[in-house]
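Please open the structure in the viewer and keep the selection panel at hand.

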Amino acid sequence: MRVSRIVLACASLCWWLTDRPLAHRQTSPVSVVVLVDVSVSVANTLAPFVWDGTKDSAGRPQGSGTRPPSRPADLFTRPLTEGVLPRVRPSDYVRLGTVGKNVRIGVPLSGGRPAMVSAVRYTLNIPDEDRYGPSPLWDAVDAAVDALSNAAGSRSIILVTDGLSSGNRLSLSQVTQSAIQSRTSIHIVHEEFSETSFGKAFSLTDRTSNPWLFLTAPIGRQPGAVLGALALATGGTRIVDDSGGTKNLSSLLGSLLDAIQRSAEASR
Amino acid sequence: MPVYATVQDLSGRLVIDLTKDSFKIFEDGTPVEITQFSHERQPLSMAVMLDMSGSITGLAGHSREAMDRLRRAVLAFLRSLEAGDRASLGSFNGMEIAVGANLTNDLREFDRVMQEELWAGGGTPLWQAISVAAKSISRESGRRVAVFLTDGVDTGALPGWRGDKNTVAQEMAEAGTMVYFVRPPVKNVSATRPLPQNTREFSQETGGGYLEIPTDTDSDYQAIFGRLAEELRHQYLLGFSPRARDGKLHNIEARTTDRQLIVRARQSFRAGG
């Protein structure tokens with residue numbers, strides 16, 4: 001009888017383990033909005049103009065060369081489908097959003113991979129006119145915090161941006177407070193223009209013969225300091241990606257999502 | 001149809017004590033009756049836009065101290081807003097046109113934008129920026145003003161925009177938005193460039209104007225912005241009924257009976273159909 005009970009218990013456990021998705025039996029769900037900054041400044045950093053070596057008579061580089069495809073779908077489809085989608089578990093609540101002239105937060109990713117890939121493609125189909133400013137990063141973060149307000153489990157936002165924020169209704173301070181109050185941590189992949197890539201490529205060509213320009217803050221804090229402070233205040237992290245392309249983005253997004261899931265598990 | 005008019009004497013001093021009888025309005029050269037007159041200050045909706053292109057910042061030798069000077073002057077100017085006035089503060093550069101999202105008279109908001117939302121570099125999509133800024137206040141009632149701190153040299157629009165200076169001039173005529181240019185003391189290699197002639201003319205056609213800050217000193221910044229604030233404080237409101245509501249653009253001219261005085265006011269309007 002006793003042996004029978006053990007056999008029955010083992011059989012039940014085996015059935016429970018095999019019949020339920022891994023997420024239900026071992027993991028705490030996470031709620032995440034992945035926000036992608038689709039402004040042209042980010043595109044210029046991720047798909048830098050490749051200088052062909054042409055110089056003017058004074059020896060200054062001229063704006064001649066090529067730029068790889070740099071629409072949001074060109075840049076972000078692969079990192080999202082390879083870095084994020086494979087890690088989305090059935091119990092997780094994950095939404096994808098974009099920050100351009102308009103802020104868009106998509107529906108929760110669900111269903112099989114084809115459905116989720118389709119949702120990614122749909123979200124990244126951004127009209128060109130939305131990419132040339134403003135870039136209301138703080139309003140977008142606030143919208144993401146709001147989108148997570150009723151979500152279960154740990155709440156996180158993953159923001160992919162160069163930090164050049166503009167045209168916000170809300171201040172950085174307001175949004176930081178809002179995220180703290182709603183216990184939402186903000187993790188940032190900071191797509192930072194790298195000066196070390198000078199000579200091979202540059203982020204911005206300028207029709208006024210200033211091809212070496214990249215955008216800086218003339219008065220306030222530089223993006224790195226702002227993004228770092230936002231991440232720190234909300235319990236998130238800032239990862240700097242200065243590779244000048246998207247080759248690292250899949251693994252960075254994947255690592256962040258892994259870490260968020262592990263953290264939720266650890267705090268269960 | 002409202003016409004906001006600035007009157008100066010030959011020495012450039014503002015003339016602020018005229019009466020209705022001092023003015024005449026001509027539509028396509030024909031005198032029309034002035035049906036509304038006020039020299040009381042009219043509420044103001046204003047989009048202030050800072051040119052953050054490379055020619056203004058960074059490469060032009062503008063130091064952080066100079067940018068701080070600009071910041072102080074702009075904030076002092078915005079401090080001159082009165083009850084009922086509202087403004088937004090935004091910027092434009094070679095990658096984006098970002099009109100301020102909040103129309104307000106809260107100085108903290110303007111300072112926030114200065115600290116958080118200015119990014120310098122790239123070209124100058126000036127005409128496009130004027131169009132975008134004017135649209136942002138087009139639904140506001142009363143006086144609408146767009147103030148641009150810029151060297152006034154358009155270097156081309158951002159991709160996808162099909163307008164030009166002429167289409168923007170038409171938009172201003174239709175909206176009745178006055179455009180002002182304030183040129184910072186930009187040093188382009190060796191010489192400070194004056195505002196281009198076509199930029200000056202553009203501003204005057206809208207009933208706005210242009211001002212140039214001569215040197216990179218606090219006193220010059222404050223003097224020029226003070227002058228702009230004074231001008232906006234002392235504009236006359238003249239109203240008239242268009243002779244025909246044909247949906248077409250018409251020329252308009254405001255004059256004073258004293259021909260020694262100079263009147264700046266919009267030079268065209270679209271008669272609603």
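**The two domains of chain B**

Begin by colouring chain B by domain: the centres of domain 1 and domain 2 of chain B, taken over C-alpha atoms, are separated by 25 Å. The model is predicted, so local features need pLDDT of at least 70 and side-chain atom pairs count only at pLDDT 80 or more, while totals for chains, interfaces and linings use all residues. Residues are numbered from 1 along each chain as its sequence is written, and chains are lettered from A and ligands numbered from 1 in the order in which they are written.

Select 2-39 + 236-270 of chain B for domain 1 and 44-233 for domain 2; such bounds come from an automatic or database domain assignment. Where they meet, 12 residues of domain 1 of chain B are in contact with 13 residues of domain 2 of chain B (contact: C-beta atoms, placed from the backbone, within 7 Å). On the domain 1 side, strand E1 (2-8) and strand E16 (268-270) of chain B each supply at least two residues. Helices (H or I, at least four residues) and strands (E, at least two) are DSSP runs, numbered from the N terminus.

**Helix H3 of chain B**

Next, select residues 126-136 of chain B, helix H3: 10 of its 11 residues are buried, so the helix is largely enclosed by the rest of the structure. Buried denotes 20 or more other C-beta atoms within 10 Å of a residue's own, with C-beta atoms placed from the backbone. Among the buried residues are B:Leu126, B:Trp127 and B:Ile130. Show also the elements against which the buried residues of H3 pack, including strand E5 (44-51), strand E8 (143-149) and helix H4 (165-175) of chain B.

**B:Glu109**

Move to B:Glu109 in helix H2 (residues 107-116) of chain B. Is B:Glu109 buried or exposed? With 20 other C-beta atoms within 10 Å, B:Glu109 is buried. Beyond its neighbours within four places in sequence, B:Glu109 is in contact with B:Asn102 and B:Thr104.

**The largest nonpolar core**

Finally, display the largest nonpolar core, of 138 residues; A:Leu35 and B:Ile130 are among the members that touch the most others. Such a core is a set of buried Ala, Val, Leu, Ile, Met, Phe, Trp, Tyr and Cys residues joined through C-beta atoms within 7 Å. Helix H6 (residues 137-147) of chain A gives the largest share, 8 residues.

Technical notes: Contact = placed C-beta atoms within 7 Å. Buried ≥ 20, exposed ≤ 12 C-beta atoms within 10 Å, placed from the backbone.
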